[in-house]
Amino acid sequence: MENWFTIEKIDEDTFAISEYGHWEETHCYLLLGTEKAVLIDTGLGVGDIKSAVDSLTKLPVTVITTHVHWDHIGGHKHFNDIAVHEKEVNWIAEKFPIPLQAVKQNLLKERCDFPENFSIDDYRIFQGVPHRVLQDGDCIDLDNRKIKTIHTPGHSPGHCCFYEEDRKYLYSGDLIYSGCLYAFYPTTDPLLFWQSVKKVQALAIERIMPGHHQLNITVGIIDEIEHAFDKLVKQGQLKQGNGIFDFGSFQIHI
């Protein structure tokens with residue numbers, strides 16, 4: 001598939017780089033500063049996201065990672081300056097917790113017109129030593145922009161959202177989006193997921209930049225997701241193995 005990535009302009013110096021051709025519909029975000037840039041996540045790794053980034057900026061780029069899952073670190077191989085949360089350093093530097101074959105099956109779960117030069121046989125999960133280790137509250141300074149790290153475990157132990165207070169942007173990774181929210185893997189924790197939703201609920205947010213699916217979602221979905229988790233808790237249902245619960249614009253799989 002030619003033009004694998006779709007580039008959408010959020011504002012004058014913020015861009016979404018999306019993979020709408022795949023069923024996961026991943027979103028990565030390029031934030032331009034005055035002297036350097038940040039790329040939040042790098043997608044599936046089936047296309048060359050570096051070329052998409054290079055078409056938008058010549059600034060040096062730091063990659064910051066919402067979490068170390070294959071669909072968010074696939075393009076890390078194209079960059080040298082990479083940051084991940086401390087709880088997932090071993091995932092990216094030593095051993096990813098899901099077998100490669102399971103990841104390949106997930107990539108091929110639904111029919112997709114992959115780029116011509118993509119080979120599933122050659123696909124590998126990125127491994128490398130991060131240049132920077134993130135902790136809750138860390139600030140990524142772009143001179144004219146400040147990006148705060150918000151540790152939001154649940155979907156994964158080191159999952160992070162990134163918050164831009166001046167613009168009131170929340171880059172929400174796999175914590176908040178319109179679609180099925182996953183908290184059923186052995187490495188997930190439904191209760192921590194709920195606590196993390198409450199953590200970002202307290203922030204002043206005017207726009208959400210989700211990790212998947214519909215790009216333009218309302219801020220109100222945060223409250224809706226929190227209320228859904230609260231309902232499951234009160235019903236005694238927030239336990240892994242209970243299945244998928246449908247709440248209209250999103251589902252929770254536990």
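**Burial and salt bridges in a predicted model**

Trainee: Why is Lys-9 called exposed?

Mentor: Lys-9 has a relative accessibility of 51%, and exposed means over 50% relative accessible area, buried under 20% and partly exposed in between, taken with a 1.4 Å probe and protein chains only, so Lys-9 counts as exposed. The model is a predicted one, in which local features need pLDDT of at least 70 and side-chain atom pairs count only at pLDDT 80 or more, while totals for chains, interfaces and linings use all residues. Residues are numbered from 1 along each chain as its sequence is written, and side-chain values use heavy atoms, with hydrogens and water left out.

Trainee: What makes the meeting of the side chains of Lys-9 and Glu-12 a salt bridge?

Mentor: A salt bridge is a side-chain nitrogen of Lys or Arg within 4 Å of a carboxyl oxygen of Asp or Glu; for Lys-9 and Glu-12 the N to O value is 3.5 Å, so the pair meets that definition. Glu-12 is exposed because its relative accessible area is 66%.

Trainee: How are Asp-13 and Arg-167 classed, buried, partly exposed or exposed?

Mentor: Asp-13, at 19% relative accessibility, counts as buried, whereas Arg-167, at 24%, counts as partly exposed. Asp-13 and Arg-167 form a salt bridge, their closest N and O atoms being 2.7 Å apart. This pair links distant parts of the chain, with Asp-13 in the loop between β1 and β2 and Arg-167 in the loop between β10 (160-164) and β11, 154 residues apart. Asp-13 and Arg-167 also belong to a network of salt bridges that includes Asp-11, Arg-145 and Glu-164.

Trainee: Why is strand β2 described as largely enclosed by the rest of the structure?

Mentor: Strands here are DSSP runs of E with at least two residues, and helices are runs of H or I with at least four, both numbered from the N terminus. In β2 (residues 14-19), 6 of the 6 residues are buried, so the strand is largely enclosed by the rest of the structure. Thr-14, Ala-16 and Ser-18 point one way, and Phe-15, Ile-17 and Glu-19 the other way.
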